[in-house]
Amino acid sequence: MKFLADRTTGKLAKKLRALGFDAAYWGGGPGEEAARAALTEGRMFLTRSRRIPAVGKDLQVTFLEANDPREQVREVLQKLHLRPSDELYFSRCLLCNEELHPVTKGEVEGRVPDFIYRNCDSFCLCPRCRRVYWPGTHMDKMKEEVGRVLPGRGWPPARRESAGKGSYGRKEGGKE
Ligand SMILES: [Zn+2]
């Protein structure tokens, strides 16, 4: 399912992207344009506004009540009976909504901090903004976020005391 979140939803799109959903954000003009874009692109229109522009009966809309983006994510998942898939976490650029492409270590040399380069072997690149992503604190944060949004999902995994802070996703003594 693809989404288009309008301006009333703030950071919702970004949070949905972190879960791997295709979530466009409409930061532009009036509500009517947003609704029309959602209709044209076949996206579920996510809004907190109760005034939906009449752009056609085919527009699919999910109204959200919550103000907090995390609550909004919960609402979206509950109302649409969606279960994000583990493999998709962090598969999209949080800024552009583009799907990330895996790249080789060599390709990111000089573009990530040295200690990240030394300690990490898996990198992804956003084809649009060229931002480099790697499994690290950012991703761990997102996973924690998922754990908060979806309690009982098993995220975050039980923390090992020994892992300590700033481990950048390295699972000392872990399976990965
Ligand atoms: Zn990007």
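Me: Which residue of strand 3 is the bridge partner of L4?

Reply: F45 is the bridge partner of L4. A5 also has a bridge partner in strand 3, namely L46. Two notes on the model. It is predicted, so local features need pLDDT of at least 70 and side-chain atom pairs count only at pLDDT 80 or more, while totals for chains, interfaces and linings use all residues. Residues are numbered from 1 along each chain as its sequence is written.

Me: Why do strand 1 and strand 3 count as paired?

Reply: Pairing asks for at least two bridges found by DSSP between two strands. Strand 1 (residues 2–5) and strand 3 (residues 44–47) are joined by three bridges, so they pair. The two strands run parallel.

Me: Which strands are the edge strands of the open sheet?

Reply: The open sheet has four strands, ordered 2-1-3-4, with parallel pairing. Strand 2 (22–25) and strand 4 (61–63) are the edges, as each pairs on one side only. Neighbouring strands are turned by 25° against each other on average, direction ignored. For that angle, axes are lines fitted to C-alpha atoms, for helices over the stretch in contact, and angles run from 0 to 180 degrees between N-to-C directions.

Me: What is the handedness of the unit made by strand 1, helix 1 and strand 2?

Reply: This β-α-β unit, with helix 1 at residues 12–18, is right-handed. The term applies if, with the strands pointing away from the viewer, the path from the first strand over the helix to the second runs clockwise.

Me: Why is L12 called buried?

Reply: A residue is buried if 20 or more other C-beta atoms lie within 10 Å of its own, exposed if 12 or fewer, and partly exposed in between, with C-beta atoms placed from the backbone. L12 has 27 such neighbours, so L12 counts as buried. L12 lies in helix 1. Beyond four places in sequence, L12 touches A5, L46, P69, Q72 and V73. Contact means C-beta atoms, placed from the backbone, within 7 Å.

Me: Why does F3 count as buried?

Reply: F3 has 25 other C-beta atoms within 10 Å, so F3 passes the cut-off. F3 lies in strand 1. Among its contacts beyond four places in sequence are L16, D22, A24 and L46. F3 and D22 are 19 residues apart along the chain, with their C-alpha atoms 6.2 Å apart.

Me: Why do the buried residues of helix 2 line one face?

Reply: Helix 2 (residues 31–40) has A34, A35 and A38 as its buried residues. Seen down the helix axis they fall within an arc of 95°, so they line one face. The arc is that of the directions from the helix axis to the C-beta atoms. Their cover includes strand 1 and strand 3. Just after helix 2, G42 takes a positive phi of about 65°.

Notes
Two residues are in contact if their C-beta atoms, placed from the backbone, lie within 7 Å.
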